[in-house]
Amino acid sequence: MTRFSAAMVVLCTQKPKTIYLVLLVLTLLIGSQIPRIQIDTDPENMLDASHPARVLHNQTKQQFSMHDAIVVGVVSDHPQGVYNALTLNDVHSLTETILDIDGVVASDVMALSTVDNIDQAAPGTIRFEWMMKTPPSSDEQALEIRDKVERLPLLYDTLTSQSGKAAAIYVPIVDKNESYRIAETIRASTNGFTHGDNWYITGLPVAEDQFGFEMFVQMGISAPLAGLTIFILLFVFFRNVPLIIAPMVVAMATVIITMGALIGLGFTVHIMSSMIAIFLMPIAVVDSVHILSEFSDRYKPGQNLHDVVNEVIGHLFTPMLYTSVTSSVGFYSLMLTPIPPVQIFGAFVGTGILLAFLITVTFIPAYLARMSDSSLEKLQAVLHGDGDKQSRIARVARGLGTIANRFQSSLLSVFAIVFAISVWGITQIQINDNPVRWFKSDHEIRVADRVLNHHFAGTYDAYIVIKDRSDVPSAQALLSDTPPQGLSDWVVETQQSLQNLSATEQLQQLIIAIDDKLFSDVTEQQSAWLEKTLNTADSALNSAKTFQSPQVLNTIQELQAHLQASGLVGKSNSLADVVKVVNRELRSGQPNDYVLPNSSAAVAQTLLQYQSSHRPQDLWHFVTPDYRSTLIWLQLTSGDNQDMTHVVQLVSDYVEANPLPQGLSVDWAGKAYLNVVWQDNMVAGMLDSLLSAFVIVFIMMVLLFRSVVFGVLAMLPLTITITFIYGLIGIVGKDYDMPIAVLSALTLGLSVDFAIHFLERTRAIYQQTGDLKQTLQAMFGEPATAISRNALVIALGFTPLLFAPLVPYITVGVFLASIMAISALVTLLVLPAVMSKARRWVFR
Amino acid sequence: MKTLVTGALLTLAANFPAVADVNLDELVQQAERAAYYAGEDGRSQARMMIVDGQGRKQMRQFTILRKDVEDNGDQKMLVFFDRPTDVKDTVFRVEKHALLDQDDDRWLYLPALDLVKRISAGDKRTSFVGSHFFYEDVSGRAIAEDSFSLQQETDTQYVLRAEPKKPDTVEFAYYDVSIDKATSLPVLINFYKASGEHYRQVEAVQIETIQGYPTVVRSKVTDLASGGYTLMEFRGAEYDLGLPDDLFSERSLRTPPRQWLN
């Protein structure tokens with residue numbers, strides 16, 4: 001290894017221009033892919049496209065003709081709430097505008113002026129009419145609309161709030177990538193309203209769009225800011241601009257090549273990969289800091305520049321290689337998590353770290369070899385000019401050394417106690433996430449989310465999908481009786497024409513075919529056979545319509561009542577509600593008729609009336625035309641995964657205690673549910689990647705130091721640190737969410753670096769001195785200073801994330817900065833103590 | 001009197017785009033007669049196939065009985081459902097009134113609920129039992145509702161533009177109707193929004209002459225936004241059966257007049 005590294009350094013120092021050229025060409029070539037960037041903000045992509053839950057979700061969306069929707073809300077302070085002429089006129093005119101916007105699914109827009117009212121025009125007279133065909137011309141008329149809406153459970157608390165203060169318009173859109181344009185058009189209209197009402201625009205497509213925008217802000221601001229922070233820190237350390245240009249070049253080249261490769265290979269930039277730049281930058285300069293620290297320490301005027309460079313690199317090559325590999329192992333372990341964006345992030349940062357190492361060991365020697373004498377003299381003047389005036393960081397390091405060496409026993413006890421408490425804290429961790437909370441609390445999306453969920457039954461959607469999976473008799477089977485003379489050809493033809501249809505459509509087409517045949521010239525015998533088959537087909541088709549059965553609808557109604565009673569669900573809507581409303585209006589219009597009719601035929605006839613409205617297609621949002629799949633639409637006021645998990649549990653407990661009729665299955669769809677699925681995946685996946693990273697890093701440590709004891713020592717500080725941080729999260733009650741989960745594995749690879757350098761140097765010095773006490777004294781000179789410098793570079797390098805517009809970025813910033821600082825501290829405080837106490841095993 | 005006035009207005013409007021020798025009033029009346037008033041009365045079996053944007057199908061089968069009170073005027077209608085069998089014997093009864101300010105009378109019988117219900121007139125542009133046909137497409141939109149102007153005349157067709165007199169009561173801004181010169185039947189109607197968006201189409205797919213009356217035996221309505229459509233097929237159409245007046249009464253709702261239905 002040393003021979004290889006020596007040869008390489010010689011090559012680099014002798015042909016620096018070649019190195020420059022290669023690096024420049026690579027950076028430009030791969031970096032040229034960056035403008036092709038594709039942003040991906042869809043939380044659905046946290047699951048693989050073929051994940052069963054996601055497949056079912058999309059299938060459900062298609063089967064029930066559902067689209068992602070923008071939600072527009074208005075809150076009015078008028079004494080009559082939104083039921084005043086002015087506000088309703090605005091709602092009406094805004095709806096007209098919305099219906100004319102390209103890309104809006106106009107037929108499915110839900111607003112007071114696009115839905116139907118069903119009521120009694122007079123005793124014995126049912127009426128279907130537009131709820132608000134024309135806007136009310138007086139406040140009295142506006143109140144009439146309230147009276148109508150309040151009678152319709154499907155609309156009440158969805159289109160207008162129970163408080164009467166708020167109204168909503170649901171705007172389904174064809175393509176969610178168009179949401180920005182559509183939302184802006186809507187906003188332009190609402191900005192023109194001058195009656196003092198507050199208008200809000202939210203909904204998942206809008207949130208995602210906003211998210212994409214904030215991601216660019218983050219990449220455009222936080223990443224350069226991180227670069228600047230690192231530059232300033234390096235300047236503080238080395239006071240030499242030409243010298244610190246080198247690590248900056250390493251960082252830039254690494255980031256540009258990695259991002260260029262990611263984009264060039266066709267990967268989209270998701271919230272995780274948008275952080276690649278900010279992760280790579282501090283990590284990329286760490287090796288350079290070691291080289292520069294040691295170089296500026298060793299180089300004295302008059303020495304052969306090339307020799308010093310060779311010596312420094314030869315000295316640091318192995319520890320740098322190992323720290324780079326361990327760091328990348330931490331990131332690569334993320335690939336074990338079954339969440340595609342996390343896998344891509346892990347793969348590219350892991351590779352980026354190795355790339356940074358490669359660039360460091362080639363470019364830095366080349367660069368140092370070309371430094372002018374005057375720059376080198378200035379460097380000397382700053383660093384060795386005044387022997388007494390130690391740098392501040394060196395003084396801190398020495399101070400730490402005093403503590404570490406003097407209070408060994410107390411330190412060990414304190415860390416043992418902290419560790420024990422932390423382990424308990426970990427058991428207190430609450431797993432929870434909600435993509436809307438990725439926005440800051442005062443972000444307009446969060447504000448809209450709070451306001452609308454305060455007024456309405458909930459803007460978070462989840463769907464219970466109930467399917468009848470039992471078999472429907474096939475048309476083939478119905479035609480299997482031997483037909484009378486002269487019909488065999490017809491039977492064969494019919495069977496062929498039905499082949500590729502679904503079971504219920506087969507029955508429907510068979511009925512038509514028989515009916516047509518009966519209409520033509522048939523013998524009496526043929527007619528009797530056909531009639532018989534027709535009757536069988538008719539009744540088979542009827543009994544296949546599972547969700548027309550009052551018994552089955554009653555099961556659904558009871559499940560809904562159970563959900564409502566639990567208080568976890570804002571509101572639920574189902575086919576049973578549709579049937580009950582129409583039934584009530586067909587009968588007396590009185591509350592006592594708000595019940596399910598008593599036969600399948602009665603349900604069918606009720607629904608035939610529902611379909612005689614302006615919006616017959618609304619029925620297919622609740623049931624498929626074959627009546628074999630239905631859904632219960634749940635409105636939740638919270639999108640927290642924890643709350644959704646409770647609802648899922650509630651339903652599964654209920655179904656266990658009250659089994660559904662034979663053949664029916666229950667599934668889930670909806671974004672709120674998908675979030676739960678990927679979060680479960682993540683928690684399980686993270687444990688895998690954490691454990692595997694731990695094992696791999698441990699094995700690497702044993703190999704590096706050729707000692708199990710040193711392997712254990714190397715793992716000690718990061719174990720204490722990670723346990724402490726996660727314990728703290730459990731104790732303070734911060735939710736264990738996506739960023740926190742992701743960070744567990746990768747910090748392991750990063751924080752072990754300090755221990756590697758510390759142990760490597762301790763062992764080297766011990767070999768020279770043979771005395772532990774003396775060794776530890778020496779360790780808190782240059783080595784501890786270098787470790788502290790690096791801890792600061794990484795910790796502070798992440799702090800620009802604190803200014804990022806999205807919460808996950810901030811979490812990552814705080815988390816990484818503290819984990820780096822703490823693990824450096826723990827390394828410096830714990831390792832000397834343990835090594836002293838366990839001297840017999842450590843230094844044999 | 002009213003018809004005369006309306007007719008005069010129509011003629012006046014039609015004079016502007018040229019083709020002075022076409023009597024528009026007569027043209028639309030003739031078209032209305034051909035489409036909705038063939039014979040003194042009539043019976044037909046109908047089957048609708050409702051196909052949604054995803055190609056999913058639903059079938060409805062029914063028999064229509066009709067008797068005219070007066071050509072281009074009032075009509076009585078009964079619609080008896082056969083299929084799907086869960087809605088069998090559901091009946092609609094309609095007394096259509098041609099005058100602009102007189103609403104139709106509509107009743108409904110639902111056998112499984114054992115219920116006769118009057119349906120409030122109100123809006124006639126609601127779906128006919130879940131199909132893409134509106135109730136008004138089945139009963140016929142009275143020509144008095146719209147102002148017509150001639151757009152184009154070809155060898156075989158007149159193309160008229162119709163604008164609603166009460167735009168608030170309909171969802172379209174205007175429609176263009178193509179009338180076949182040979183049969184006087186409207187064969188294509190295209191509906192437009194105010195934006196000019198063509199969103200709905202009604203077409204006569206097949207025409208047969210029955211008892212001397214050109215009759216649309218297949219027609220289709222397409223919702224151009226979703227791609228869904230409804231195909232309606234008629235068969236066994238017969239005219240001038242001598243249907244008695246008292247057939248069109250509430251009694252026929254609960255007791256289907258079997259002898260007139262087959």
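**Strands, helices and the chain contact**

Analyst: Strand S1 (residues 69-75) of chain A is joined to S5(A) by five bridges, and the two run antiparallel. This is a predicted model, in which local features need pLDDT of at least 70 and side-chain atom pairs count only at pLDDT 80 or more, while totals for chains, interfaces and linings use all residues. Residues are numbered from 1 along each chain as its sequence is written, and chains are lettered from A and ligands numbered from 1 in the order in which they are written.

User: What makes S1(A) and S5(A) a pair?

Analyst: Two strands pair if DSSP finds at least two bridges between them, and S1(A) and S5(A) have five, so they count as paired. Within this pairing A:Val72 stands opposite A:Ile201, and A:Val75 stands opposite A:Asn198. The strands themselves are DSSP runs (E, at least two residues), as helices are (H or I, at least four), numbered from the N terminus.

User: Why are S4 and S5 of chain A said to stand at the edges?

Analyst: The open sheet has three strands in the order S4-S1-S5 (chain A), with antiparallel pairing. Strand S4 (166-172) and strand S5 (198-202) each have a single partner strand, so one side of each is left without a neighbour in the sheet. From one strand to the next the twist averages 15°. S1(A) pairs with S4(A) over seven bridges in the antiparallel sense, and there A:Val74 stands opposite A:Ala167.

User: How do you know that S1(A) is mostly covered?

Analyst: A residue is buried if 20 or more other C-beta atoms lie within 10 Å of its own, exposed if 12 or fewer, and partly exposed in between, with C-beta atoms placed from the backbone. In S1(A) seven of its seven residues are buried. A:Ala69, A:Val71, A:Gly73 and A:Val75 point one way from the strand, whereas A:Ile70, A:Val72 and A:Val74 point the other way.

User: Why is H9(A) called roughly parallel to H11(A)?

Analyst: Helix H9 (residues 276-298) and helix H11 (residues 340-369) of chain A pack at an angle of about 30°, with their axes 9 Å apart. Axes are lines fitted to C-alpha atoms, for helices over the stretch in contact, and angles run from 0 to 180 degrees between N-to-C directions. Angles under 35 degrees count as roughly parallel, over 145 as roughly antiparallel, 65 to 115 as roughly perpendicular and the rest as oblique, which makes H9(A) roughly parallel to H11(A).

User: Which strands join chain A to chain B through bridges?

Analyst: Two bridges join S3(A) to strand S6 (residues 115-119) of chain B, and these strands run parallel. A:Ile126 has B:Ile119 as its bridge partner in S6(B). The contact between the chains takes 37 residues from chain A and 31 residues from chain B.

Technical notes. Two residues are in contact if their C-beta atoms, placed from the backbone, lie within 7 Å.
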